[in-house]
Amino acid sequence: MVRAAVLPAVGAPLEITDIVLPEPGPDQVRIGLAAAGVCHSDLSLSDGTMRVPVPAVLGHEGAGTVLAVGEGVTHVAPGDGVVLNWAPSCGVCFHCGIGEVWLCADALKGVSRLHARTADGTDLHPGLNVAAFAQETVVAANCVLPAPDGIPLTDAALLGCAVLTGYGAVHHSARVREGESVVVFGIGGVGLAVLQAARIAGASKVIAVDVSPAKEELARRAGATDYVIASATTPREIRKLTGGQGADVAVECVGRPATIRAAWESTRRGGRTTVVGIGGKDQEVTFNALEIFHWGRSLTGCVYGNSNPAQDLPVLADHIRAGRFDLSMMVTEHIGLDGIPAAFDNMIAGKGGRALVVF
């Protein structure tokens, strides 16, 4: 029996309970989790903003040690440290064929499979493929990547989502250039990764925007040169901080129409806005036709940081080992499985950075 956090139904409270995991079959890997980050996407799954089959074991950002492998698995072996990849690419669909592996048509194909059962026999699915909110998990072999050398597995857990997403948003989606100004909306786990990535990219000014004054110190540690409390006048304040023009780049990490619109308005004429946050399908952002022409700005979505995890993890590892990127500063709370509901509440209230479940 394995202890896990189960979502019994959309909108229902999480249940911390024992589950029964099968042994790994062909092309599967069993992993003992070291840690799992509590991401806003987990909250989006629990409240129905994102839809996956339920009941399900949530958690998609994690790292651990291989316990056993099924037939055909050769790239990892028992005892190896691994990082979970919740959106593996199939390698053969249209998007994989043109190098856009983050848009793989089959990335979430595994969410409908039978993952485990509760003690009373109820079938469970793996929330976003990897079911990391559990002491152990069984995943498809393409959902595991070798953990970088020299990085503790508890820290490496953040590489599985927040860091790849934040780093990729800066380097792959927005393509921040040295000397540009960057404004970041939402200073949670991903926002903190974006701030660090912007600093690494050589941004001349990095402005953090959040509703909470308490996050200023954390944002500045991550690389923010300025801190703005979110309000209706935020775009105007950003322009004042950027010589009256607006930022070259805005990265939105909240997923709300108001912040997406504010991020857009905070960029200069010809500026670039990348939206990382995930909103609901009933939430609309509006623009008039004239402003799109006049401002010449670009607005782009960003999935998983537009990253290729197999290629980006070694690059990130170099930054981490060199001290340019600090994983531990992103974690503001270490919890057990039973602390996840409170972590969700803190997320809704805009408190803290990343909460990390440590096993």
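A crossing of two helices is right-handed if the near helix is turned clockwise from the far one by less than a right angle. The legends below describe close-up views of a predicted model.

**View 1. Helices α4 and α5 form a right-handed crossing.** Helix α4 covers residues 162–173 and helix α5 covers residues 189–201. Their axes come within 8 Å and cross at roughly 45°.

**View 2. Residues of α4 meet residues of α5.** On the α4 side the contact is made by Ala162, Val163, Thr165, Gly166, Tyr167, Val170 and His171. On the α5 side the residues are Gly189, Val190, Ala193, Val194, Ala197, Ala198, Ile200 and Ala201. By class, this contact of α4 with α5 has 11 nonpolar and 4 polar residues, and no charged ones.

**View 3. Ser44 sits in helix α1.** This helix runs over residues 40–47. Ser44 has a relative accessible area of 2%; buried means under 20%, so Ser44 is buried. Leaving aside residues up to four places away in sequence, Ser44 touches Thr49 and Met50.

**View 4. Residues 11–357 carry a domain annotation from UniProt.** The unreviewed UniProt entry gives this stretch the feature "domain: Enoyl reductase (ER)". Over residues 11–357 the chain is 27% helix and 26% strand. The C-alpha atoms at the ends of this stretch are 21 Å apart.

Methods: Residues numbered from 1 in each chain as written. Predicted model: local features only at pLDDT ≥ 70, side-chain atom pairs only at ≥ 80, totals over all residues. Heavy atoms only, no water. Helix = DSSP H or I, 4+ residues; strand = E, 2+ residues; numbered from the N terminus. Buried < 20%, exposed > 50% of the residue type's maximum accessible area, 1.4 Å probe, protein only. Contact = heavy atoms within 4.5 Å. Axes fitted to C-alpha atoms, helices over the stretch in contact; angles between N-to-C directions. Nonpolar A, V, L, I, M, F, W, Y, C, P; charged D, E, K, R; others polar. UniProt positions renumbered as here; feature names shortened; annotations may be inferred.
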